[in-house]
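Reader: Please take a close look at one part of this structure, the sheet and the helices packed around it, and describe it in a connected account.

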Amino acid sequence: MRTKELILESERNRKRLLEVIYKAKAGHIGGDLSCLNMLTALYFEVMKVNPADPADALRDRFVLSKGHCVEALYVTLEARGFMPEGMLDTLGQFGSVLSGHPTIEVPGIEVNTGALGHGLSLGVGMALTAKMDGKPYKTYVLMGDGEQGEGSIYEAAMAAHQYKLDNLVAIIDRNHLQISGNTEDVMGIDDIRQRWEAFGWDVQDVNGDDMEDIVRAFREIDYACRRPHLLVSHTTKGKGISFMEGVAKWHHGVPDEAQYAQAMREITERINNLEHER
């Protein structure tokens, strides 16, 4: 898919995300918006997946370690064709299989996640399984930057290096804000690149707000280098909605009627401009 098409897809997913969170009256919208470009690139450009056969043995695996941002994953899965029509509109309703964190009841979701710090360990296990079985699939894990305070992440990082898991790509959504405020005030990680390089990982910085740079970063990964890979994705919390961008209170929140209308206008205008340029 061309970069402009990916940008358009991401904006359409952004609009859908806003719709479902507003309707459900719940959601971690700030972090959803910051990682939406990355999820769009993964599912529409990078990963080998088949919505008609979600259990394909050779599919690439994805783990959303920052499971509280599941709404962004839901809209991406719907857009990619994993969800039947109408399923996503049940978010927040009694009896729905769509909860506030990923569960394997939802088509296309590999594992239950949400307890922060566990996703990379699961990804290491998946990548190691592929190596032991001689299978070509790759594993991708998306973590939050606030999540980097969890010690289990670094145990997994050491294991991934020990077993030379070059079929594993971890991504940190580096938006600088967590529920308690700025990451550097809570548990500083400004040295994140040097930290992961010291663990023996192949590390790239990427502008996660720029689709072209995301695609470039994935294309430059050497999957035969005998080292696991990390993308530090520098993003903006609340990306794409002007009054949410860089504002900590939108870690979790639902816009009111006026805010919803403004946000929809902003996104719709961008979609219309992109469609006009096609």
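Author: The account below begins with the sheet, then turns to helix packing and to single residues.

The model is a predicted one, in which local features need pLDDT of at least 70 and side-chain atom pairs count only at pLDDT 80 or more, while totals for chains, interfaces and linings use all residues. Residues are numbered from 1 along each chain as its sequence is written, and side-chain values use heavy atoms, with hydrogens and water left out.

Helices (H or I, at least four residues) and strands (E, at least two) are DSSP runs numbered from the N terminus. Strands of a sheet pair through backbone hydrogen bonds, either parallel or antiparallel. Here, five strands form an open sheet in the order 1-2-3-7-6, with parallel pairing; two strands pair if DSSP finds at least two bridges between them. Strand 1 (61-64) and strand 6 (202-207) are the edge strands, each pairing on one side only. From one strand to the next, the twist averages 20°. Strand 1 and strand 2 (residues 139-144) run parallel and are joined by four bridges, and F62 stands opposite Y140 in strand 2.

Helix 4 (residues 119-133) lies across strand 1, strand 2 and strand 3 (168-174), and runs at about 170° to strand 2. Such angles run from 0 to 180 degrees between N-to-C directions, and axes are lines fitted to C-alpha atoms, for helices over the stretch in contact.

Leaving aside neighbours within four places in sequence, D202 is in contact (heavy atoms within 4.5 Å) with R227, P228, H229 and L230. K48 is 154 residues from D202 in sequence, and the two are 22 Å apart in space, C-alpha to C-alpha.

Two packed helices are described by the angle between their axes and the distance between the axes. Helix 2 (residues 29-46) packs with helix 3 (residues 70-80) at an angle of about 30°, the axes being 9 Å apart. Helix 2 is therefore roughly parallel to helix 3; angles under 35 degrees count as roughly parallel, over 145 as roughly antiparallel, 65 to 115 as roughly perpendicular and the rest as oblique. Their crossing is right-handed, the term for a near helix turned clockwise from the far one by less than a right angle, with anticlockwise giving left-handed. Helix 2 contributes D32, C35, L36, L39, T40, Y43 and F44 to the contact, and residues of helix 3 in it include V70, L73 and R80. By class, this contact of helix 2 with helix 3 has eleven nonpolar, two polar and three charged residues; Ala, Val, Leu, Ile, Met, Phe, Trp, Tyr, Cys and Pro count as nonpolar, Asp, Glu, Lys and Arg as charged, and the others, Gly among them, as polar.

Helix 1 (residues 3-24) and helix 8 (residues 211-219) have axes that come within 9 Å and cross at roughly 120°. This crossing is also right-handed. T3, L6, I7 and S10 of helix 1 meet M211, E212 and V215 of helix 8. S10 has a relative accessibility of 1% and so counts as buried, where buried means under 20% relative accessible area, exposed over 50% and partly exposed in between (1.4 Å probe, protein chains only). Not counting residues up to four places away in sequence, S10 touches L36, N37, T40 and M211.

H276, in helix 9 (residues 257-277), is exposed, with a relative accessible area of 71%.
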